[in-house]
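Here is a short tour of one protein model, meant to be read with the structure open beside it.

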Amino acid sequence: MSQLEQGQRPSRTINQDPDAMPPLGKAIPLGIQHIMAMFAGNVTPPIIIAGVIGATTGEQIFLIQVALFVAGIATLVQTIGMGPIGARLPIVQGTSFGFLPVALPLAGTFGLPAVLGASLVAGMLQVGLGAFLKKIRHWFSPVVTGIVVLLIGITLMPVGLNYAAGGVGAEDFASPTNLGLAFFVLVVTVGVHQFGRGFLKAASILVGLASGYLLAILLGMVDFSSVADAAWFSIPRPLQYGLEFQLTAIIGMTLIMFVVGLETIGNISAITIGGAGRQAKDRELSGGVMADGVATSFAAIFNTLPNTAYAQNVGLITLTGVVSRHVVTIGGILLICMGLFPKLGGLVAAMPHAVLGGAGVVMFGMIASAGLKIIQECELNQRAMLIIAVSLSLGIGLPAVEAISETMPGQAGLLLKSGLVPAAVAALLLDAILPGKPTREPIEADETAAAADTVTPKQ
């Protein structure tokens with residue numbers, strides 16, 4: 001039996017302690033690494049929504065600015081916390097791709113204010129979900145959360161490859177230059193991670209991204225016009241577009257909110273199991289989901305799409321093994337600075353998609369690996385295998401056969417098209433109704449045994 005099964009608290013290295021603070025000389029580059037990993041994902045949804053609403057260039061820059069500012073504030077809520085709100089774990093918040101399948105048609109039909117109004121309501125409901133999470137945590141067994149995390153990684157893998165090819169819609173998509181640049185970043189990242197030592201090993205993604213960025217500049221692939229056009233300093237304005245409340249929009253965004261909340265539970269579990277070597281505590285899961293809801297409502301007030309815990313940064317934590325929440329706090333402060341000083345954001349925005357894609361291939365694969373590790377926490381008997389089989393078939397199969405979702409009316413088709421929604425629902429239902437579900441020993445939120453942790457310095 002493992003230490004977790006025996007109810008013992010495993011020893012942790014300094015890197016596995018969320019409260020440990022590395023020296024600033026190491027913490028700052030590690031924080032930058034987190035921002036580099038999530039930057040493209042954070043600014044892409046507002047760019048997409050700007051195209052749907054016909055935004056001007058100035059409005060597009062504004063939407064990118066507020067997305068960075070909100071992500072920074074929301075990240076600090078997660079890492080530092082406010083009372084019961086916040087997981088106090090190394091969670092990077094950012095604009096969620098999960099809401100786009102619903103937000104885009106709603107924005108085209110009702111306009112951006114209706115999307116923002118629905119996001120405000122959905123965020124408040126998510127805070128309520130987090131507050132009562134302890135009472136329903138038994139719904140989220142390792143097989144359920146593991147399936148969700150595994151599917152998040154599988155879903156993001158094509159995103160990483162699309163970035164590696166230059167980004168969907170690029171004129172030189174899948175060109176030898178783009179693929180070669182992505183492959184270069186991949187090789188550097190893997191090589192540094194495998195053969196580097198100490199800090200260099202932990203910063204392998206940053207080294208890969210920086211090396212790829214420099215190579216792209218030498219190849220003439222970087223356009224710095226976004227830096228020149230951006231303002232030096234600008235304070236984001238709340239309620240720039242206003243809020244409208246449409247019932248259809250609220251229903252659609254609330255349904256996605258529940259799935260995104262499940263993703264957050266899976267991401268937190270991946271951090272604690274894959275990085276800290278233990279199960280997530282009730283207060284960490286509850287606080288993390290509540291912070292997700294607060295971030296989503298806050299984002300709506302500041303004119304941007306819902307925020308959520310970023311899975312790519314979970315993959316980065318799993319890859320590097322550095323679980324310090326203070327590292328991510330530094331990253332959150334940098335995001336706020338980028339939101340206040342748009343030229344800083346423009347500098348990172350100039351990075352070619354192929355560079356990000358090379359690192360994404362590693363990080364998104366690590367998310368799927370973390371999902372497999374979570375699934376290993378349960379006994380892989382016939383019952384668990386059946387749940388996994390049905391859920392993965394729906395989660396992978398439905399997005400591959402879009403004709404099925406296209407036959408469904410309204411929001412039902414959108415939910416089926418994602419794959420993750422029906423897979424998560426199937427996993428929850430099957431785990432609840434199939435006989436033979438193992439009992440779970442709850443991990444109390446207010447455990448004071450943390451002081452008894454054996455923290456041993458890494459040799």
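I301 sits in helix α12, which covers residues 282-301. In this predicted model, I301 is partly exposed, with a relative accessibility of 32%. Setting aside residues up to four places away in sequence, I301 touches L120, P238 and L239. The C-alpha atom of I301 is also 9.8 Å from that of V70, although 231 residues of chain separate the two.

Move on to N303, in the loop between α12 and β3 (307-309). Is N303 buried or exposed? With a relative accessibility of 2%, N303 counts as buried, since the cut-off for that class is under 20%. The backbone deserves a look here too: the phi of N303 is positive, about 70°, although N303 is not a glycine. Most residues other than glycine have a negative phi. R88 is another non-glycine residue with a positive phi, near 55°. R88 belongs to the loop between α2 (57-79) and β2 (93-95), and its relative accessible area of 28% makes it partly exposed.

Two helix residues come next. F39 is part of helix α1, residues 24-52, and is buried at 3% relative accessibility. Which residues does F39 contact, leaving aside its neighbours within four places in sequence? They are L68, M338, G345, V348 and A349. F39 and G94 are 55 residues apart in sequence, with 8.5 Å between their C-alpha atoms. T189, in helix α7 (residues 176-195), is buried as well, with a relative accessible area of 1%.

Now for the helix pairs. Two packed helices are described by the angle between their axes and the distance between the axes.

| Helix pair | Angle between axes | Distance between axes |
|---|---|---|
| α11 (residues 247-274) and α20 (residues 420-433) | about 70° | 10 Å |
| α6 (residues 142-164) and α20 | about 165° | 9 Å |
| α6 and α17 (residues 382-400) | about 30° | 11 Å |

Start with α11 and α20, whose axes make an angle of about 70°. Angles of 65 to 115 degrees count as roughly perpendicular, and α11 and α20 are therefore roughly perpendicular to each other. The crossing of α11 past α20 is left-handed. On the α11 side, F258, V259, L262 and E263 make the contact, and on the α20 side L420, V421, A424 and L428 do. Sorted by class, the residues in this contact of α11 with α20 are 7 nonpolar, no polar and 1 charged.

Helix α20 also packs against α6, at an angle of about 165°. That angle makes α6 roughly antiparallel to α20, and α6 passes α20 in a right-handed crossing. Which residues meet here? From α6 come V143, V144, I147, V148, L151 and I152, and from α20 come L420, A423, A424, A427, L428 and D431. The contact of α6 with α20 consists of 11 nonpolar residues, no polar ones and 1 charged.

Helix α6 has a further partner in α17, where the angle is about 30°. The two helices are therefore roughly parallel, and the crossing of α6 past α17 is right-handed. V143, I147, L150, L151 and I154 of α6 touch A384, I387, I388, S391, L392, G395 and I396 of α17. By class, this contact of α6 with α17 has 10 nonpolar residues, 2 polar and no charged.

Finally, step back to view the whole chain. The protein contains 20 helices and 4 strands. Of its 459 residues, 55% count as buried. The accessible surface of the protein amounts to about 19000 Å², with 68% of it belonging to carbon and sulfur atoms. Among the contacts with a separation of 6 or more, 84% are between residues 24 or more positions apart.

Technical notes:
Residues are numbered from 1 along each chain as its sequence is written. This is a predicted model: local features need pLDDT of at least 70, side-chain atom pairs count only at pLDDT 80 or more; totals for chains, interfaces and linings use all residues. Side-chain values use heavy atoms; hydrogens and water are left out. Axes are lines fitted to C-alpha atoms, for helices over the stretch in contact, and angles run from 0 to 180 degrees between N-to-C directions. Angles under 35 degrees count as roughly parallel, over 145 as roughly antiparallel, 65 to 115 as roughly perpendicular and the rest as oblique. A crossing is left-handed if the near helix is turned anticlockwise from the far one by less than a right angle, and right-handed if clockwise. Contact means heavy atoms within 4.5 Å. Ala, Val, Leu, Ile, Met, Phe, Trp, Tyr, Cys and Pro count as nonpolar, Asp, Glu, Lys and Arg as charged, and the others, Gly among them, as polar. Buried means under 20% relative accessible area, exposed over 50%, partly exposed in between (1.4 Å probe, protein chains only). Accessible areas come from the Shrake-Rupley method with a 1.4 Å probe; for residues, only the protein chains shown count as cover.
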